[in-house]
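Have a look at it, then read on.

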Amino acid sequence: MIRTPPRLALAIVLAAAPLAGAAAQTADGIVVGIAAPLTGPSDILGRQIAVGAERASSAAGVGAARADTGCTTEGGREAVAALTEARATLAVGFLCAVALEAALPGLTAAGIPVIDVGVRATRIQRHREKDGALLWRLAPAADAEVVALSAFVREHWPDSPFAMVEDGSPQSRDLADKLRQALDESGLRASVTDTYRPAEEKQFPLVRRLRQSGVMRVLFLGARSDTAIILRDAAEIGLSIEAVGGESLVDAADGATLPAGVTAVASGFDVDWTPSETAPEDEGYARVARVGAEIAIEAARRASAEGRTLADVLNVETFVTSAGLVRFRGDGSADIVPFRPYRWDGTRFLAQTQG
């Protein structure tokens, strides 16, 4: 699943960036391959990946080469040829599972490890287990949001009645079903479950049902704009709600404004940024791609200096990155906790430990 990260204001800057280019050769011979959709409907997100990885490469004084995956099977295969020709040391990127699955056999055969920054599908890790694919993943696992939301409920609402509402979309319904299962395993169950019609100007029917139930704590599994409207209408009738949601709450604002106090359980790659009048330079996928490139460069230098394979270094070492220390577990997934609660202060989300 592709999620559009918040704050896409870099679109103009990214559109001006070159679509492709041969890698610049450097003294140490390191070339960071960047595999991302640079054309097609996901090109803005792909350009974010390219900008982030190129920023890290430039800062480290190493080469970089782009390969357009197009988020397609054919694009994934073409990326293998492009990165092999550019003599990429490692590949960073990938936003779509079909492109990554198509590219993995060729990249593994060429000895080019992949650091995935966007594909969450659980099946991807099986290629590492079954086929020995050279794959390491910074992207959160497919169930990361469910795990984080259920952990929040267990920690904060273990003895309190709560409601779970969703907008009826396949994505929200799937999230709700998985969350119910995860909570059931902990002996917790929502006192109220409800579904509302999305994109409505008013949500008073749902608000009145919540007031009648007497439940004050609500998990919102829907769009940020719908959650804002529900909370606005609740305030209008004097209903106070402790509102918690997932990643959708940090999407770009559209319509009604979220009231202060709303909690989003989301990835720090989407939320942790310094508030300013202009978009952060590491916006959206740029930040995680930058981290991926930093890891790739450090791994390549260690492997060269110590006479080790890239796989050995990636499997066992801890890497210093702009997002903190990162190491990979035995299954190749990053041993970091990218999801945590953030509270909306009326203008931005802050980690709960910050206020």
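Are C71 and C96 buried or exposed? Both C71 and C96 are buried, where buried means under 20% relative accessible area, exposed over 50%, and partly exposed in between (1.4 Å probe, protein chains only).

A word on the ground rules. This is a predicted model, so to speak for local features a residue needs pLDDT of at least 70, side-chain atom pairs count only at pLDDT 80 or more, and totals for chains, interfaces and linings use all residues. Residues are numbered from 1 along each chain as its sequence is written, and side-chain values use heavy atoms, with hydrogens and water left out.

**The disulfide**

Searching the whole structure turns up one disulfide, meaning a pair of cysteine sulfur atoms within 2.5 Å. The partners are C71 and C96, with their sulfur atoms 1.8 Å apart. C71 lies in the loop between strand 2 (63–68) and helix 3 (73–85), and C96 in the loop between strand 3 (90–93) and helix 4 (97–109), so the pair ties together parts that are 25 residues apart in sequence. Helices (H or I, at least four residues) and strands (E, at least two) are DSSP runs, numbered from the N terminus. The torsion about the S-S bond of C71 and C96 is about 60°, so this disulfide is right-handed.

Strand 8 (residues 217–221) has four of its five residues buried, so the rest of the structure largely encloses it.

Together with helix 9 (residues 224–236), strands 8 and 9 make a right-handed β-α-β unit; right-handed means that, with the strands pointing away from the viewer, the path from the first strand over the helix to the second runs clockwise.

**Aromatic rings**

Rings of Phe, Tyr and Trp (its six-membered ring) pair if their centres lie within 6.5 Å; planes under 30 degrees apart are stacked, over 60 edge-to-face, and the rest tilted. That gives four aromatic pairs. One of them, F152 with W157, is edge-to-face, at 5.8 Å centre to centre and 85° between the planes. F152 is buried at 4% relative accessibility, and W157 is buried too, at 1%. F152, W157 and F162 form one aromatic cluster.
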